[in-house]
Amino acid sequence: MKQSDIEFFKNLLLERKEQVLKNIDGATKEIESLDASDARDEVDFATLSVNNLIDHALSVQQSQELFEIEYALGKIEKGTYGICEMCEEAISMQRLKIKPHAKYCIICREISEKEKNKKRSF
Ligand SMILES: [Zn+2]
């Protein structure tokens, strides 16, 4: 990958990281404000817990993404960015533009998804 491409994806990752951090921060603040508000009757409690579950799931997902972004930034430092971790082929720029923290090329990604589904069905 060209140095200019590396710079491009580094910026993309840094922007994404900032966005994810904002999302996590926003979700946390929302939970805090919900907790602080009165939720005396059952309906409110139900809504509150569903919202909390969704928020929690979202922040878990966001934290996971943050971790993957950090990991990808680390790979840029090491000079291994954009290389599939399974087959060691270059990941297509097209794919990286959609998912700059992708670890695998599209083919390996499909294989690993199938493996996961197989394990899930047992
Ligand atoms: Zn691959």
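These legends describe close-up views of a predicted model. Local features need pLDDT of at least 70 and side-chain atom pairs count only at pLDDT 80 or more, while totals for chains, interfaces and linings use all residues. Numbering runs from 1 along each chain as its sequence is written, and side-chain values use heavy atoms, with hydrogens and water left out.

**View 1. Four cysteines coordinate the zinc ion.** The donors are the SG atoms of Cys84, Cys87, Cys105 and Cys108, at 2.3 Å. Donors are N, O and S atoms within 2.8 Å of the metal (3.2 Å for Na, K and Ca); water is not among the atoms, so sites may look incomplete. The spacing of the donor residues in sequence is C-x2-C-x17-C-x2-C. Angles among the four donor atoms run from 104 to 117 degrees, and the site is tetrahedral. Four donors count as tetrahedral if all angles lie between 85 and 135 degrees. The ideal angle for four tetrahedral donors is 109.5 degrees. Cysteine 84 is buried, at 1% relative accessible area. Cysteine 87 is partly exposed, at 34%. Buried means under 20% relative accessible area, exposed over 50%, and partly exposed in between (1.4 Å probe, protein chains only).

**View 2. Ring pairs join Phe8, Phe9 and Tyr81 into a cluster.** The whole structure holds two aromatic pairs. Phenylalanine 8 and phenylalanine 9 pair edge-to-face, with 5.1 Å centre to centre and 80 degrees between the planes. Phenylalanine 8 is partly exposed, with a relative accessible area of 39%; phenylalanine 9 is buried, at 0%. Phenylalanine 9 also pairs with tyrosine 81 in a tilted arrangement, with 5.9 Å centre to centre and 45 degrees between the planes. This pair links distant parts of the chain, 72 residues apart: phenylalanine 9 sits in helix H1 (residues 3–36), and tyrosine 81 in the loop between helix H2 (42–78) and helix H3 (93–98). Rings of Phe, Tyr and Trp (its six-membered ring) pair if their centres lie within 6.5 Å; planes under 30 degrees apart count as stacked, over 60 as edge-to-face and the rest as tilted. Helices (H or I, at least four residues) and strands (E, at least two) are DSSP runs, numbered from the N terminus.

**View 3. Lysine 103 lies over the face of tyrosine 71.** The distance from the ring centre is 4.9 Å. A charge sits over a ring if NZ of Lys or CZ of Arg is within 6 Å of the ring centre and within 35 degrees of the ring normal.

View 4. The side chains of glutamate 65 and arginine 16 meet at 2.6 Å, N to O. Glutamate 65 is buried, at 14% relative accessibility. Arginine 16 is partly exposed, at 30%. A salt bridge is a side-chain nitrogen of Lys or Arg within 4 Å of a carboxyl oxygen of Asp or Glu. The count by this rule is seven.

View 5. Glutamate 115 and lysine 118 form another salt bridge, with their closest N and O atoms 3.2 Å apart. These residues too are three apart in helix H4, so about one helical turn separates them. Salt bridges that share partners join Arg109, Glu113 and Lys116 into one network.

Methods. Tetrahedral: all angles 85-135°; square planar, octahedral: opposite > 155°, others 65-115°.
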